[in-house]
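Hi everyone, thanks for coming. Please have a look at the model on the screen, and then I'll walk you through a few spots in it.

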Amino acid sequence: MQNIIDVKSIVNESKEKLKIEIDKLKKENIHPKLAVILANNDSASQIYVNKKRKMCEELGIIDEEYILDESVTTEKMLEIINKLNKDKSVDGILVQLPVFSHLDEKLILNTISPQKDVDGFHPENLGRLLIGEDTIVSCTPKGIMKIIDSLGEDLTGKNAVVIGRSRIVGKPIACLLLNRNATVTICHSKTKNLENYTKNADILIVAVGKASLVKKEMIKDGAIVIDVGINRIDGKIKGDVDTLNVVDKVKYITPVPGGVGLTTVLSLMENVVEVAKRRK
Ligand code: NAD
C-alpha cells in the first residue's frame, strides 16, 4: 500500500551514502570503531546486538564486543568504559540496556564520554538537544526524523502528538519536533482522554509498548503516524497502532516490523561515523 512508508528503501539509500563516507575515512587511515558492552541475559538484547554487529560488518565499521556475565560489578564496567573513553581508536561506546539489575545503570551511562556516547543518552547530549544545539542524537528519534524528512513535509505549525515520555524515545523526539517548529504535545500513562489529543495530531508518534493502543477512531484523517512500539504477540511482532484498520485513514504510516527498528540501527552507524569524522 502506498501510504505504508517503505522504510527499507530509505535505509538502503542511506547505507549506500554512509558506505561511501566510511570508505573515504578509511583512505585517510580513520577506521570507525564501535565498542558494544552487553551485560544482561535478555534474549531481545542479544538480538539487537546481533543486528548491530551485522550492520557494522556490512558497512565496514569495526565492532568490538564485551559480553559480560552476571559476576560483573559496576566497578568493572566503569573500568572498561574508562579504558574505552581514553582509547583514541574507539569512536563510539554503547552499553546495551537493560544491564543486570545489581549494576548501577545510571552511573554506568553517565561514565561514557559524551563525545563517544553514540546512543545519545548522556545528560550532556540530552541537554544540548533540549536547547537546540548540535549534538549526538539518540538513535530511535534520529531515525524517526529521517523517516519524516523522507516524506518532504514541512513541520512548521503542525500539531505533533507524542505518546510516551521515555528518555530513549518520547522526550528526545518531542524536542526534535519542537526544534523543527511543530506544536508538540506529550501524552503518557497519566494522560486523561488520550483520544482528545490524538484526534488533532497531524503527526502522531506512538512509543508505548502496548499492542493496538491507537485505534482508527483516535486518528485524524490524513495524519502521519509513526509506530515505534514493539510487542511480541503469539510469536509475531506488532506495533502500538491498529495498523490494519487505520491504514486507509492516514496519509502515511510506518510498518512494524520493518519500520522504525531499521532506522534505529542505521542511526547508530551514522553516529559512529559522525564521531569518527571528528578525529580529523
Ligand atoms: P518505556 O516503557 O520507557 O515508556 C513507555 C511510555 O509509554 C511511558 O512514558 C508511559 O508513560 C507511556 N504509557 C504507558 N501506558 C500508556 C497509556 N496507556 N497511554 C499513554 N501512554 C502510556 O518504553 P520506551 O523505551 O519508550 O519504548 C516504547 C516502545 O517502543 C516499546 O514497545 C519499545 O520496545 C519500543 N521501542 C522501539 C524501538 C525501535 O527501534 N523500534 C526503540 C526503542 C523502543
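Let me start with a term: contact, or touching, means heavy atoms within 4.5 Å. With that rule, and not counting residues up to four places away in sequence, Ala 276 touches Leu 25, Ile 30, Pro 32 and Asp 91.

A word on where this comes from: the model is predicted, so local features need pLDDT of at least 70 and side-chain atom pairs count only at pLDDT 80 or more, while totals for chains, interfaces and linings use all residues. Residues are numbered from 1 along each chain as its sequence is written, and side-chain values use heavy atoms, with hydrogens and water left out.

Back to Ala 276, which is found in helix α10, residues 260-278. Helices here are DSSP runs of H or I with at least four residues, strands are runs of E with at least two, and both are numbered from the N terminus. Is Ala 276 buried or exposed? It counts as buried, at 0% relative accessibility. The cut-offs are under 20% relative accessible area for buried, over 50% for exposed, and partly exposed in between, with a 1.4 Å probe and protein chains only. Ala 276 and Ile 22 are 254 residues apart in sequence, and their C-alpha atoms are 9.1 Å apart in space.

Next, helix α2, residues 43-59, where we find Ala 44. Ala 44 is buried too, with a relative accessible area of 16%. Between Ala 44 and Asn 82 there are 38 residues in sequence and 27 Å in space, C-alpha to C-alpha.

Lys 52 also has its place in helix α2. Lys 52 is buried yet has no salt bridge, and the nearest side chain of opposite charge, Asp 119, is 5.6 Å away. For the charges, Lys and Arg count as positive and Asp and Glu as negative, with His and the chain ends not counted; a salt bridge needs a side-chain nitrogen of Lys or Arg within 4 Å of a carboxyl oxygen of Asp or Glu. Among the residues that Lys 52 touches are Leu 94, Gln 96 and Val 265.

Now, how many disulfides does a search of the whole structure find? The search finds zero, where a disulfide is a pair of cysteine sulfur atoms within 2.5 Å. Cys 56 is buried at 1% relative accessibility, and Cys 139 is buried at 5%.
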